[in-house]
Amino acid sequence: MDAALPLTDPRYAVTGSNYPLSGKQKALLALAEELGPRFAARAERYDREASFPFENYADLRAAGLLGLCVPERFGGKGADLRDYALVSATLGKYCGATALTFNMHACSTLWPGVLADDLDMTREQRAEHEKHRALHFERVVQQGAVYAQPFSEGSAAAAGKAPFGTTAAKVAGGWLVNGKKIFASLAGAADYYGVLCTENKPELSMRDTLYLAIPGKAPGLSVTGDWDPLGMRGTVSRTLLFRDVFVPDEAAMMPRGIYFQAASRWPHMFTTLSPTYMGIAIAAYEFTVRYLRGEVAGMPPVKRRMYPTKQIAVAEMWVKLEQTRALFLRMLEDARVDPPKDARLRAYAAQYTIMENANDISRLAIRTCGGQSMLKSLPLERLYRDSRCGALMLPWTAELCLDRIGREALYESGEADD
């Protein structure tokens with residue numbers, strides 16, 4: 001068990017102290033904080049075993065948080081992107097793997113929910129979407145179903161540079177899906193996989209991206225490969241193979257063509273991985289302060305705070321944390337359909353900063369706390385390994401964020417190279 005204390009001090013809240021929150025947000029964050037210590041107590045075991053956090057999901061289900069982003073009229077808690085991000089970051093303070101996989105589930109309701117409400121649809125598309133999403137939301141709220149959201153294929157598709165190689169051919173009453181997804185979080189644990197694939201036509205196009213919910217026990221779907229990574233081990237992100245997997249028309253989580261519109265007009269939909277790592281950054285800083293003050297449960301009450309080198313390191317960590325938190329909160333304030341260019345660039349900057357600074361704060365935490373921090377009985381070495389994974393995650397890796405900032409800052413839409 002990790003020797004960690006509940007993070008209840010306002011300084012270690014995701015928003016910091018005195019940040020304006022609605023009553024609904026306060027209630028949701030209090031609920032996440034209540035679950036957190038249980039998640040922290042199990043985190044070391046999930047990491048060591050590379051096993052999925054089923055117990056944490058049972059707690060999320062019992063608390064009604066599986067329906068966090070399901071609109072209230074469908075029985076959910078009606079969270080928007082900002083609400084989700086604050087809850088997810090709070091969970092990330094306690095168990096990174098749980099928060100990261102929860103992202104895949106929550107987005108499976110956030111995207112077809114409040115985000116899709118901002119998109120342009122014909123009357124027929126809107127009616128179809130209303131009918132289909134009611135089915136998905138009922139599964140989550142009434143049946144406690146868990147949805148995953150596999151993206152990666154080992155190609156440029158997940159980065160938005162090419163059509164997905166996983167395809168869906170139209171057949172009577174539904175679709176036949178073929179292909180594979182790698183690094184598929186919740187592999188073997190999800191009840192449904194919200195698979196992004198391309199409609200099978202003579203010429204594949206990103207405009208023909210489909211978003212289909214495939215049951216975890218569907219004939220033709222298999223989970224393959226080992227899972228023994230550096231960090232985020234509890235995500236169990238194995239490979240999914242699809243061989244002539246049939247799904248009915250009502251499996252659609254968005255109507256034809258609407259996902260492409262969402263990806264073009266709602267860029268903040270791709271920032272939802274970052275809250276996990278914001279939470280990890282806060283946890284690494286909080287542990288360091290408590291450790292140097294001799295306040296970590298299970299450890300001798302030895303204070304190490306009087307050394308100037310320790311004080312300078314904590315100061316550096318605090319500066320990085322506050323820079324990161326400020327950009328994170330501003331990004332959430334910006335989030336909307338059709339944001340202006342500077343808000344889109346700021347979203348890239350926030351994603352890059354969170355992913356890189358979470359790891360750097362964890363690095364400083366290990367160096368500052370010393371040899372004890374390498375022990376598996378303490379959370380720092382896991383926080384360091386988990387935090388290193390963030391910059392590598394599609395669709396917005398750290399490299400892609402820099403690439404997009406540089407290009408979009410220098411070129412206007414439609415401009416060609418000189």
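**Entry 1: largest cavity.** The model I am working from is predicted. I then listed the lining of this cavity: Ala-43, Tyr-46, Asp-47, Cys-95, Gly-96, Ala-97, Arg-233, Gly-234, Arg-382 and Asp-386. Three elements, α1 (23–49), α4 (96–115) and α10 (380–389), each give two or more residues to that lining. I noted that α1 supplies the largest share, three residues. Sorted by class, I have four nonpolar, two polar and four charged residues around the largest cavity.

**Entry 2: second cavity.** How many cavities of 30 Å³ or more are there? I recorded two by this rule. For its lining I wrote down Arg-290, Tyr-291, Gly-294, Glu-295, Val-296, Met-299, Pro-300, Val-302 and Arg-304. I classed the residues lining the second largest cavity as five nonpolar, one polar and three charged.

**Entry 3: nonpolar core.** I turned next to the buried nonpolar residues. In soluble globular proteins, nonpolar side chains tend to be buried together. Here, I found 136 residues in the largest nonpolar core. Leu-60, Leu-68, Trp-111, Leu-212, Ile-214, Tyr-277 and Phe-328 are the residues with the most contacts inside this core.

**Entry 4: Leu-68.** I followed up one of these core residues, Leu-68. Which residues does Leu-68 touch, leaving out those up to four places away in sequence? I noted Leu-28, Lys-77, Gly-78, Ala-79, Tyr-84, Val-87 and Phe-102.

Conventions: Residues numbered from 1 in each chain as written. Predicted model: local features only at pLDDT ≥ 70, side-chain atom pairs only at ≥ 80, totals over all residues. Heavy atoms only, no water. Core = buried A, V, L, I, M, F, W, Y, C linked by side-chain atoms within 4.5 Å. Buried < 20%, exposed > 50% of the residue type's maximum accessible area, 1.4 Å probe, protein only. Contact = heavy atoms within 4.5 Å. 1 Å grid on protein atoms, 1.4 Å probe; cavity = no way out; pocket = protein on both sides within 12 Å on 5 of 7 lines; lining within 4 Å. Points joined across faces, edges and corners; volume = space filled by probe spheres on them. Helix = DSSP H or I, 4+ residues; strand = E, 2+ residues; numbered from the N terminus. Nonpolar A, V, L, I, M, F, W, Y, C, P; charged D, E, K, R; others polar.
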